[in-house]
Amino acid sequence: MKRIFISTAIFLLFFFGAFIFYQQYSNQTEGEKAKPAEIKKVKQQPAESQKPAPAPEPKPEVTTATLSAVGDILIHDTVYNKASRPDGTYSFNHMFAKVKNHLEQSDITIANQETMIGGVEFGLSSYPSFNSPAEVGDALKENGVDLVTIANNHTLDRGEKVILSALDHWNKIGMEYTGAYSSPEDRTNLRLITKNKITFSFLSYTYGTNGIPVPKGKDHLVNLIDPDRIKREVNEAAKLSDTVVVSLHFGNEYERLPNNEQEKIAQLAADAGADIIIGHHPHVLQPVKWLTSLDGSKAFVAYSLGNFLSGQRRDYKDLGGIVNISVTKTAEGATSKIDVHSPSFIPTYVDNQFVIWPLAELPEKKPVYEEMKRHMSRWMPDLSFEASQQ
């Protein structure tokens with residue numbers, strides 16, 4: 001009996017022990033099942049195509065405009081007599097026919113109209129006191145010229161009435177002019193021409209008026225070379241335009257190189273802010289040159305472009321030319337930079353019928369053409385003589 005009791009007790013202990021072990025094991029397993037799985041959070045990277053594009057760098061705006069200039073238009077009686085027609089009018093177009101395409105190819109072309117085009121109503125006249133047919137202005141307009149400079153030693157030849165008549169005609173045909181004006185108000189109206197987003201301003205001055213005094217209180221009738229005025233007006237023009245073009249009627253007649261006074265005045269204009277300086281009066285060609293202004297920028301000067309159309313003959317007086325130069329503007333935001341570059345020159349010749357020819361087109365003038373190339377490039381060896389602009 002005792003053995004049965006002991007056996008029963010051992011069995012029960014074993015049973016309850018196994019039961020307790022099973023319960024603990026079961027609870028542990030259920031707890032592990034109930035524990036949530038650990039989740040690793042990984043930040044999703046956007047695809048390349050989904051990334052916001054960086055703001056593009058603003059590109060500078062670059063534009064270029066071209067300027068051409070010619071020398072003296074000095075209309076002697078021999079010239080206007082060749083242009084006369086039976087009905088009493090005048091036509092000069094045939095004299096420009098050989099160079100018209102060169103005058104038209106630039107964005108802006110300027111000429112030095114040395115004689116007042118007062119017209120027949122005041123009586124035409126030649127040297128030494130000029131008054132020319134108004135049709136000279138028509139021919140310039142019709143053959144590609146956009147602006148004339150009219151401050152020179154012959155501006156006052158026939159007085160105020162002829163000047164005002166000439167200015168009326170320039171206004172009538174829509175030709176810009178500078179250097180002589182109808183009133184003080186007209187004088188303060190700076191001549192501006194904009195091409196390809198580049199604004200050019202134009203000023204013109206002369207050394208004198210052949211001893212004829214400027215009428216009292218009428219300084220507007222002609223701009224005289226005055227260093228203080230030039231500095232002031234060039235500085236003002238530089239604030240209102242991208243490129244300042246200054247015409248200077250100066251130097252000694254028939255001298256083929258500039259004198260000290262020309263060099264001094266040209267440098268003064270460059271230091272004041274002029275970018276392009278065009279000289280007239282010697283009636284013969286003088287070389288071109290780069291000048292360095294006070295601020296380190298460069299300015300282009302042609303000391304004399306000779307006679308483009310005149311009655312003067314021989315000794316280089318029947319030679320002139322068309323100077324071409326490019327201006328490039330680089331604009332970035334509120335700032336801009338101007339670069340004057342790529343000058344070229346086309347020598348010209350006036351024959352005995354007063355037709356203007358590109359000198360290179362006349363085989364018999366080849367030695368003269370080669371001489372003019374050497375002469376004009378004296379201080380600028382890389383000066384181009386190609387007809388087309390760079």
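The paragraphs below lead through this predicted model by way of its strands, its ring pairs and its charged side chains. In this predicted model, local features need pLDDT of at least 70 and side-chain atom pairs count only at pLDDT 80 or more, while totals for chains, interfaces and linings use all residues. Residues are numbered from 1 along each chain as its sequence is written, and side-chain values use heavy atoms, with hydrogens and water left out.

Strand β7 (residues 243-249) runs parallel to β8 and is joined to it by five bridges, where two strands pair if DSSP finds at least two bridges between them, and V245 stands opposite I276 in β8.

A second pairing involves strand β9 (residues 285-292) and β10, which run in the antiparallel sense over seven bridges. Within this pairing K289 has V301 in β10 as its bridge partner. The hairpin of β9 and β10 has five residues between the strands, and there G296 takes a positive phi near 90°.

The charged end of K289 sits over the ring of W379, 5.1 Å from its centre, and the charged end of K298 sits over the ring of W290, 4.4 Å from its centre; a charge sits over a ring if NZ of Lys or CZ of Arg is within 6 Å of the ring centre and within 35 degrees of the ring normal.

A search of the whole structure finds eight aromatic pairs, counted when the centres of Phe, Tyr or Trp rings (for Trp, its six-membered ring) lie within 6.5 Å, with planes under 30 degrees apart taken as stacked, over 60 as edge-to-face and the rest as tilted. One of them is the edge-to-face pair of Y80 and Y90, with 6.3 Å from centre to centre and 90° between the planes. Y80 lies in helix α2 (residues 77-82) and Y90 in the loop between α2 and α3 (93-96), so the pair ties together parts that are ten residues apart in sequence. Y80 is buried at 8% relative accessibility, and Y90 is buried as well, at 14%. Another edge-to-face pair is that of Y303 and W379, with 6.4 Å between the centres and 85° between the planes. This pair links distant parts of the chain, 76 residues apart, with Y303 in strand β10 (residues 298-305) and W379 in the segment after α10 (366-376). Y303 is buried at 1% relative accessibility, whereas W379 is partly exposed at 31%.

The charged side chains come next. Side chains of opposite charge can pair when their charged atoms come close. A search of the whole structure finds 13 salt bridges, each being a side-chain nitrogen of Lys or Arg within 4 Å of a carboxyl oxygen of Asp or Glu. Among them is the salt bridge of E160 with K218, whose closest N and O atoms are 2.8 Å apart. It links distant parts of the chain, 58 residues apart, with E160 in helix α6 (residues 159-173) and K218 in the loop between β6 (198-206) and α8 (227-240). E160 is partly exposed, with a relative accessible area of 26%, and K218 is partly exposed at 29%.

Because R229 and E233 are four residues apart in helix α8, about one helical turn separates them, and both R229 and E233 are buried.

What is the nearest side chain of opposite charge to D72, which is buried yet has no salt bridge? It is K317, 12 Å away, where Lys and Arg count as positive and Asp and Glu as negative, with His and the chain ends not counted. D72 lies in strand β1 (residues 61-74).

Technical notes: Helices (H or I, at least four residues) and strands (E, at least two) are DSSP runs, numbered from the N terminus. Buried means under 20% relative accessible area, exposed over 50%, partly exposed in between (1.4 Å probe, protein chains only).
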